[in-house]
Amino acid sequence: MNTPQPTDTVILSSSILHGDDLQEVAGFIAIADGRITAIGPSKDAPAWTGHAGCVIDVGDATITPGLIDAHIHPILGGATIARGLDLSGIAEAGAVRAALARYAAATPHRPGQDWLFAWGLDPVIFGGSVFSNGLFHGILDGELVFITLFDAHAALVSDAGIRLAGVTGQEQLDGSAYVGIDDRGKPTGMLYEMAAMDLVRAILPELSFEERVDELERLLHRMAESGLVAGQMLDFGQPDSLEVLEALEERGDLAIRLRISPWIMPGAARGDLDAMLALQGRHGRRWHVRGIKLMMDGTIDNGTAWLFDPDTHGESLHPLWRQPEELAAAMRFFHENGIPTATHAIGDKAVAFVAKTIGALPPNGTVHRIEHIESIPDPVLKEIIDAGATTSLQPTHCALYSRADHADNWSRRLGTERANHAWRTRDLRDAGAVVALGSDWPIAPFDPRGIIAAAQTRRPAGRPDVEPVQPQQALSARAALEGYTSQYWQSVGEKGGVLEVGARADLTVLGCNPLTTNPDEFAHAPVILTMVDGEVVVEQQVAVAEAGSAR
C-alpha cells in the first residue's frame, strides 16, 4: 500500500472490480491528476480520505473500469443518419406506415417541397417481397422522403425524391453500390451503399454547423449517462468533423473520450493515404486521431457483402474494393507506418481476405482489428486466430435484427447453414481471440448495459419470451464486461481497462455488480457515476464530502 498523500478524490465502495481478474473487493480508490494512485481495503480508507479534496461514497454500488464502445459514429450519425423519425424496433410494414403517417401529419412542412426524414428501418418489414417505396403509397404520395435503413448501408427514397435528384437507375457506381430498379428498369427507391445514397444526399438540406455541434454535445452526454467513458469513432464521414470537435471543446470538455480512426473509402489513391497518415496524432483535450478504418464489403441485408457463395438472391459476391489487393496495399502502408487499422468485413470471404492480409504483415507491434464478422465457417475462424487479428463485434446486431427461426431478412439471405454461424463471440473468445464489443451507433442503441446483457442472453434484454439466437455463442458475464474494458484496449494494441494503480481514472459506477446480476436486470441498472480523467461527468445518488471530510 502506498503512503497516503494529498489526493484529488477518494471513492468509497463495498464493491470494486479490481485487477486483471476483476476480483470484487470492498475499499477505496484514490485519484490524483487523472490517475489512480491507490486502491486499498476499507480499513485503510480513513488515512486516505483525510488527504482528499473530495470524498465520494457510493455505498454498495459497483465500481468497474470505464466502459468503452468499440464502434460508434457520433458525428456522421447525428448529421446524416439519425434524422427525423426513429423506426428502430418496428417489424411490420403496417406499423411503419402508421408511424410515418403520424409523423408527416405532426411535422410542419410544405408537402412536396420539404424533406421528411426517418431512420432505423428494418428490411424485415418487406417479408419476401421486393424492397421498394411502394411502402409510402397512399400515405406519403408526392412527398419528399428519405429513410436510412437500420444498417446505414442503404436508403429508401420516395418517387418525388428520386425524380428531384435525377436518379435514373442507369448509374454506374463504384464498388458494389447500385440503384434498385424494377423489371421495367424504373428505380424502386432503394439506394444500396454510400455511392448510391450520395446521389440523393447531395441535394438534401443539411443541419447547420451549430445544430450539429449541439447534437453531438447532447449525444455524448447521453452516452456518459449510460455508463460510457469513451468510444472509438470509426469515420471522418463529415468533412468538417475536426471543426465540430474543436467547436464543442470551446464550450467545455467532451462528456466522453473519443478515439477517432478516419475511414479510407474504396478506390482511395496514395494521396488519400498520405492525408490520413498526416491526421494521426491530431487531438484535443478528450479526443485524438489514432488508427484507420477500412471497408472490405457491404452488408448481408442488402446483398452487398462478400461471400464465398451467393446468398439466396444470387447476390453478395463482390467486395466494395473492385480490386481487393488495393485494400491490402492500403493496410500494408499503414502497418509500415505503425498505424493500427480496423476493417469492416461482414461476409465470410471478406473476413477471410482481411485475415490473410493481416497474417501476411511482418510483425512490428502494430495491431489490426476486424469489425463485425457476422457469419464465418470454422476454417475462417481459424484464419483469424492464425493471423493474430483482434476482433470487434456488436451483440445487439444479432439480438435485435436476427431471429432464432431465421424469419429475418439477414438469415433468409444467408440460408440456414450460414445463419447458424451468427456472431460467433464465444467461439472466438474460446479460440483465444480478443473480442471487443460495441454498438455501431446509430445502427443499434448505444447503451452498454443492454449490449452486455444481450452478449450473455443472445436476445433483446428484458425479453425472455424471445428465443435466443445461437445461444451456444453466449459470453460469460466476465467476458461481456471485458469486451467493454480490457478486451477493448487489447483490440487496439494498448493496455487499459483495469482498475490498478497508475491507470487512467476512467470509471463507471453501477447500481449492481455486472458479474453477478441477472443480465435482464443489469440492462436497467442505474448508472451512479461516470468519471473521465478523474472528473465526475455523471453523478447520481451519491454522498459527497469536500476538503478531506470523509463519510
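Cys 398, at 0% relative accessibility, counts as buried (buried means under 20% relative accessible area, exposed over 50% and partly exposed in between, with a 1.4 Å probe and protein chains only). Cys 512 likewise counts as buried, at 17% relative accessibility, and the structure holds zero disulfides, a disulfide being a pair of cysteine sulfur atoms within 2.5 Å. This is a predicted model, in which local features need pLDDT of at least 70 and side-chain atom pairs count only at pLDDT 80 or more, while totals for chains, interfaces and linings use all residues. Residues are numbered from 1 along each chain as its sequence is written, and side-chain values use heavy atoms, with hydrogens and water left out.

**Confidence**
- The chain averages a pLDDT of 95, and 98% of the residues score at least 70; pLDDT is the predictor's confidence in each residue, from 0 to 100.
- Over residues 546-551 pLDDT stays under 50, and for this stretch the model has 18 contacts beyond four places in sequence, where contact means heavy atoms within 4.5 Å.
- Where pLDDT is low, the predicted coordinates should not be read in detail.

**Helices H7 and H2**
- Helix H7 spans residues 241-251, and its buried residues are Ser 241, Leu 242, Val 244, Leu 245, Ala 247, Leu 248 and Glu 249; helices (H or I, at least four residues) and strands (E, at least two) are DSSP runs, numbered from the N terminus.
- These buried residues of H7 pack against helices H2 (74-81), H6 (209-225) and H8 (270-279), and also against strands S13 (228-233), S14 (257-260) and S16 (287-289).
- Gly 252, which comes just after H7, takes a positive phi of about 150°.
- H2 is itself mostly covered, with seven of its eight residues buried, namely Pro 74, Ile 75, Leu 76, Gly 77, Gly 78, Ala 79 and Ile 81.

**Arg 449**
- Arg 449 is found in helix H16, residues 448-457, and counts as buried at 13% relative accessibility.
- Leaving aside residues up to four places away in sequence, Arg 449 touches Ser 226, Leu 510, Phe 522, Ala 523, His 524, Ala 525, Pro 526 and Val 527.

- On a 1 Å grid over the protein atoms alone, a pocket is an open set of points with protein on both sides within 12 Å along at least five of seven lines, a cavity is a set of points where a 1.4 Å probe fits but cannot get out, and lining residues have an atom within 4 Å of a point.
- Grid points are joined across faces, edges and corners, and a volume is the space filled by probe spheres set on the points.
- H2, helix H5 (194-201) and strand S17 (292-295) each supply at least two residues of the lining of the largest pocket, with H5 giving the most, five residues.
- The second largest pocket, of about 480 Å³, is lined by 20 residues, of which Ala 399, Leu 400, Tyr 401, Arg 403 and Pro 460 lie nearest its centre.

**Cavities**
- Phe 150, Asp 151, Ile 346, Glu 374 and His 397 lie nearest the centre of the largest cavity, among the 17 residues that line it.
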